[in-house]
Amino acid sequence: MSSMFKYKPGQLWEMIQKVSERATQISAIEKIESSPLFIEEGGVNFMVSVATALAKRPFNFDKTTSTTSSNGTTPQSNNNNNKSTNDICNDNSNNNSNNQQQQQVVIKKKEFIDPFLPCDKDLFVCELHESHNLVLNKFNVSNHHSIIATKDFQEQTDPLNRNDFKAIWECIVSCNMLCFFNCGSNSGASQPHKHFQLLRLPYFESDSNINCPMESLFRKYINNNNHNNSKNSSEIIDIPTLQFKNAFIPLDQNKIKALNLEELSQYLESEYLSLMNHLDLINHNSNNNNNNNNNNNNNGCQQQKSYNFIMTPEWMFMVPRKIYHSKGISINSVGYTGSILVKKEEELETIKQYGIMNILRDVSFTKTQ
């Protein structure tokens with residue numbers, strides 16, 4: 001696929017702006033309007049937005065492994081596997097054997113349409129390092145919200161690799177963006193095709209000291225790392241004021257300046273994997289390697305567990321996920337940046353009464369688990 005703009009290093013931000021302007025003019029982007037308000041909790045000035053149009057966003061990631069029948073039990077395997085739903089509902093052969101209690105619930109699986117194969121030509125920005133495409137997010141809550149997707153189909157549950165980090169770094173540095181990755185069924189992932197998303201920084205112009213609300217908890221560790229460059233590797237930090245399992249790494253800026261892109265991608269992958277290992281997120285017993293064509297050193301490890309990963313040019317942050325939502329509030333990686341999106345006013349009231357930190361704790365693993 002070719003773009004109306006040829007990719008030139010250092011001009012990514014200009015390209016995103018131009019494609020965004022054109023896509024908006026022809027209504028290829030569906031702008032999701034929202035009015036943010038700020039709620040202070042636990043040292044974080046959370047930005048909360050009500051966006052009713054979020055309900056229109058397509059959701060292709062399967063979050064359920066079982067279905068509950070009308071009597072509250074989980075349906076078992078069905079001998080009528082080749083029958084349609086109507087066939088089963090109208091089968092009268094067992095009318096005299098409590099078939100109401102035995103009735104099986106059959107759900108037709110939604111046909112998967114990959115939004116990245118092919119990419120929407122009106123949202124396409126450019127290719128990145130021959131392995132990824134940079135596109136705009138069709139359902140736009142934040143201006144210039146962009147997506148990096150693999151050019152071939154890879155699973156959203158695959159770990160990030162060196163090629164991924166090459167593409168990510170190019171964008172977050174050139175465009176002053178934050179990257180986030182929703183991995184696994186409980187993470188808030190909406191598409192099974194491997195992709196990661198980009199948001200422009202800072203979130204709000206009024207505070208130049210932090211790029212996103214949650215960074216207020218990270219800033220002292222970033223500053224300490226900048227003044228202590230004698231260590232060979234960055235220290236993994238558990239942010240103590242957060243009640244859920246987490247891992248934070250400030251990136252070594254002096255090392256970054258000294259590395260070429262290939263070396264840098266190895267360094268970033270190494271730091272990412274150290275977070276994964278620290279949080280016990282890698283299934284070391286897997287013999288499958290879904291990334292063997294991507295020049296990575298994951299040693300055959302296949303990612304199985306859900307987590308959220310956030311990265312800026314200064315730091316990485318990771319949170320393992322237990323469930324997708326709490327009190328009806330769905331959380332993905334953006335929630336751990338300090339920005340909460342809700343679909344209706346009732347959810348906003350729930351947040352005010354129950355507390356944002358409590359919701360983040362509920363959907364994560366507590367430190368005692």
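1. Contact here means that heavy atoms lie within 4.5 Å of each other. In that sense, the buried residues of helix α9 pack against β2, β3, β15 (325–326), β16, β17 and α8. The model under discussion is a predicted one, and the points below should be read accordingly.

2. Helix α9 (356–363) is mostly covered, with six of its eight residues buried. The residues concerned are I356, M357, I359, L360, D362 and V363.

3. Helix α8 spans residues 345–354, and E347, L348 and I351 are its buried residues. Viewed down the axis of α8, these buried residues fall within an arc of 105°, so they line one face of the helix. An α-helix has 3.6 residues a turn, so residues three or four places apart point the same way. The exposed residues E346 and Q353 are carried on the face of α8 turned away from its buried side.

4. What covers the buried side of α8? The cover of its buried residues includes β2 (35–41), β3 (44–50), β16, β17 and α9. The link between the two helices is thus stated from either side, since α8 is also among the elements against which the buried residues of α9 pack. After α8 comes G355, whose phi is positive, near 105°.

5. S333 sits in the loop between β16 (329–330) and β17 (339–342). Is S333 buried or exposed? Its relative accessibility is 0%; buried means under 20%, and S333 therefore counts as buried. The side chain of S333 makes a polar contact with the side chain of N308, at 2.9 Å. Leaving aside residues up to four places away in sequence, S333 touches F180, F181, N182, S187, N308, F309 and I310.

6. Eight strands form an open sheet, in the order β4-β5-β7-β9-β8-β13-β14-β10, with antiparallel pairing. Its edge strands are β4 (124–128) and β10 (247–250), each of which pairs on one side only. From one strand to the next, the twist averages 20°.

7. At 0% relative accessibility, L12 counts as buried. Its C-alpha lies 6.4 Å from that of S174, although L12 and S174 are 162 residues apart in sequence. S174 falls within helix α4 (residues 162–174).

8. How do α4 and α7 pack? Helix α4 and helix α7 (residues 261–278) pack at an angle of about 110°, with their axes 8 Å apart. Angles of 65 to 115 degrees count as roughly perpendicular, and α4 and α7 are therefore roughly perpendicular to each other. On the α4 side, R162, F165, K166 and W169 take part; they meet L261, E262, L264, S265, Q266, L268, E269 and Y272 in α7.

Notes. Residues are numbered from 1 along each chain as its sequence is written. This is a predicted model: local features need pLDDT of at least 70, side-chain atom pairs count only at pLDDT 80 or more; totals for chains, interfaces and linings use all residues. Side-chain values use heavy atoms; hydrogens and water are left out. Helices (H or I, at least four residues) and strands (E, at least two) are DSSP runs, numbered from the N terminus. Buried means under 20% relative accessible area, exposed over 50%, partly exposed in between (1.4 Å probe, protein chains only). A polar contact is a pair of N or O atoms within 3.5 Å; within protein, one must be able to donate a hydrogen and the other to accept it, and residues adjacent in sequence count only if both atoms are side-chain atoms. The arc is that of the directions from the helix axis to the C-beta atoms. Two strands pair if DSSP finds at least two bridges between them. Axes are lines fitted to C-alpha atoms, for helices over the stretch in contact, and angles run from 0 to 180 degrees between N-to-C directions. Angles under 35 degrees count as roughly parallel, over 145 as roughly antiparallel, 65 to 115 as roughly perpendicular and the rest as oblique.
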